[in-house]
Amino acid sequence: MNQLAPFVRILGRGPGRSRNLTAEEAQEAMGIILRGECAPEAVGGLLMLMRYRGEEPQEIEGFVRAFRATLPEWQGDRPALDWPTYAAGRSRGLPWFLLSARIVAMAGHSVLLHGWNSYQVEGADVRSALPFVGIPMAADYADANRLLAEGQIAYLPLENFAPQALALLKLRDVLGLRSCINTTCRVMNPATADAQVQGVFHPPYLTLQAEASALLGQSQLSVLKGGGGEFERNPAKPIALHGLRDGQLWNSTAKPILDVHQRLSETDTPHEAEYLTKFWEGTHADPYAEAIVLGTAAVALETVGAAADGEGLALAQDLWAKRAATVTA
């Protein structure tokens, strides 16, 4: 029996009769999917109907709760900051935000990055850049915990902790459209860190993800429209910030750092990952890229509580000046 059919009917009965799922219904529906108690056609039908109707915060809440119920128990200290990276890379350059995450770790706040990225163009690929920015890749939850204890930062591939989520993300290749699973992965916060940053590509998701995170009991959160959908701010223009402070919905604006007109992909640095190492070590200079890194780190530092809102840039600049001591041969 296809146990997902009742939920497909709720979403697709037609004008005046259909509706979005409640949090409880969404959690039950995703549980059915994760247990394999439905036909694959029903999974596609459910996800595309949700896309057509427009996903709502309580649906993302329910999906996240279903996924978290399948995850291993996190052992030891939880990371201070959760940093999801699930964007495509077709409209971006080098993943400068990885260096921003390292700056947060330098400040003594452990950072767990996790993700999977489709359609990455050369130079924008997150995973291939990791060795060039000194961020180790974790084999599983236990390995991620060990790496955080040793170096304050790690990247955990989605397939190494939630392979079923990756399978659902890859349905984009079959259906031709993005689904709410992408939003779910961004909000998931698998180790339930108190603080989290999220990027979006489409502005309506700023409030959607903030509201879903609030329903899940997230404490500190900053969401911004970033490069290609990643948490990476453009330093040349004001950036709308949404999220949570002490569990309450919050919004602000990050002021421009530079008086220029450039896109994030328009740095003076070639789109080759080795330049991330040169940039970190100081053998390659790029003022615009530096502003990207420090501006992004500033918001992350504020989110994790290392600096008051609007005051993170000075701390980021100080850490950047001291980074030479962390460079290894």
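Buried means under 20% relative accessible area.

**Figure 1. Overall view of the predicted protein chain.** By that cut-off, buried residues account for 55% of the 329 residues in this predicted model. The chain is made up of 14 helices and 7 strands. Its radius of gyration is 20 Å, which agrees with the value near 20 Å for a compact globule of 329 residues. Along the principal axes, the C-alpha atoms occupy a box of roughly 60 × 40 × 40 Å. Of the contacts between residues at least 6 apart in sequence, 72% join residues at least 24 apart.

**Figure 2. Surface and charges of the protein chain.** The accessible surface is about 13,800 Å², and carbon and sulfur atoms contribute 50% of that area. The chain carries 28 positive and 36 negative charges, whose mean positions lie 6 Å apart. The structure has 10 salt bridges, including those in the views below.

**Figure 3. Salt bridge between glutamate 25 and arginine 19.** The N to O distance between the two side chains is 2.8 Å. Glutamate 25 is buried, at 16% relative accessible area, whereas arginine 19 is partly exposed, at 33%.

**Figure 4. Salt bridge between glutamate 150 and arginine 146.** The closest N and O atoms are 3.1 Å apart. Both residues belong to helix H7 (residues 141–151), where a spacing of 4 residues separates them by about one helical turn. Glutamate 150 is exposed, at 59% relative accessible area; arginine 146 is partly exposed, at 41%. Salt bridges with shared partners link Asp143, Arg146 and Glu150 into one network.

**Figure 5. Salt bridge between aspartate 318 and lysine 322.** These side chains meet at an N to O distance of 3.1 Å. Aspartate 318 is partly exposed, with 34% relative accessible area.

Conventions:
Residues numbered from 1 in each chain as written. Predicted model: local features only at pLDDT ≥ 70, side-chain atom pairs only at ≥ 80, totals over all residues. Heavy atoms only, no water. Helix = DSSP H or I, 4+ residues; strand = E, 2+ residues; numbered from the N terminus. Rg over C-alpha atoms; globule rule 2.2 N^0.38 Å. Buried < 20%, exposed > 50% of the residue type's maximum accessible area, 1.4 Å probe, protein only. Contact = heavy atoms within 4.5 Å. Areas by Shrake-Rupley, 256 points an atom, 1.4 Å probe, with all protein chains shown as cover. Lys, Arg positive; Asp, Glu negative; His and termini not counted. Charge placed at Lys NZ, Arg CZ, Asp CG, Glu CD. Salt bridge = Lys/Arg side-chain N within 4 Å of Asp/Glu carboxyl O.
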